[in-house]
Amino acid sequence: MPQNTADRATAVDLKDLPRSQAAVAIWLGQKYKIAPEPLAALVTEAHVLAKRYKLAPHLILAVMAIESNFHPYVQSHAGAQGLMQVMTAIHAKRYEAYGGKLAAFDPITNLRVGVAVLVDSIKLKGGSLEDGLRFYLGGDAVTDDGGYVAKVLAEQARLDQVAAGVSVPIQ
């Protein structure tokens, strides 16, 4: 008999989201060519984590956008993995609670670990969002971020507009 995997699905019906969150999921889906239902699950989780860690939910989504274009199985040449491009080898201990380092490829787990790393990066840099983002990008070795911080903040601003009902072009 086939197993019913609906309970494990990392997707959310857009009808179950507040209008602003659904708009963000739809816009992200169009921009990044990803189905809106799995994006809706990420939008929902970003809002949950934002409350827990006192971050803007659209900042979290913007980091995912810039880091991975919302592709959960991407890996960088340096070994960063998943949606948030977490350095799994460095943060292996954080993945233990989720079953180990292979959980880096579970979208929700990667999001949770990535946000925790981001929050720690911001705290480490005295609460500076910009410095924390630079540290998240590559630690203290980053002297030139190649426009990373500006890209994240610009994407966050676009998402803020989409959530507010503004028609934002997909570029």
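## Charges and ground rules

In what follows, Lys and Arg count as positive and Asp and Glu as negative, while His and the chain ends are not counted. Each charge is placed at NZ of Lys, CZ of Arg, CG of Asp or CD of Glu. On that basis the protein carries 17 positive and 16 negative side chains, and the centres of the two sets are 2 Å apart.

Please keep in mind that this is a predicted model, in which local features need pLDDT of at least 70, side-chain atom pairs count only at pLDDT 80 or more, and totals for chains, interfaces and linings use all residues. Residues are numbered from 1 along each chain as its sequence is written, and side-chain values use heavy atoms, with hydrogens and water left out.

## Overall build

The protein has 7 helices and 2 strands (DSSP runs numbered from the N terminus: helices are H or I with at least four residues, strands E with at least two). Starting at the N terminus, the order is α-α-α-β-β-α-α-α-α. The radius of gyration is 16 Å, close to the 16 Å that the globule rule gives for 171 residues, so the protein is as compact as a globular protein of that length. That radius is taken over C-alpha atoms, and the rule is 2.2 Å times the number of residues to the power 0.38.

Along the principal axes, the C-alpha atoms fill a box of roughly 45 × 45 × 30 Å. Of the 171 residues, 44% are buried (under 20% relative accessible area, with exposed over 50% and partly exposed in between; 1.4 Å probe, protein chains only). Among contacts (heavy atoms within 4.5 Å) with a separation of 6 or more, 51% join residues 24 or more positions apart.

## Helix H3

Helix H3 covers residues 57-68 and reaches 17 Å from its first C-alpha to its last, close to the 16 Å expected (1.5 Å times one less than its number of residues). Because 11 of its 12 residues are buried, H3 is largely enclosed by the rest of the structure.

The buried set includes Pro57, His58, Leu59 and Glu67. Packed against the buried residues of H3 are helices H1, H2, H5, H6 and H7. After H3 comes Asn69, with a positive phi near 55°.

## Ser121

Ser121 sits in helix H5. Is Ser121 buried or exposed? Ser121 is buried, as its relative accessible area is 4%. Leaving aside neighbours within four places in sequence, Ser121 is in contact with Gly132, Phe135 and Tyr136.
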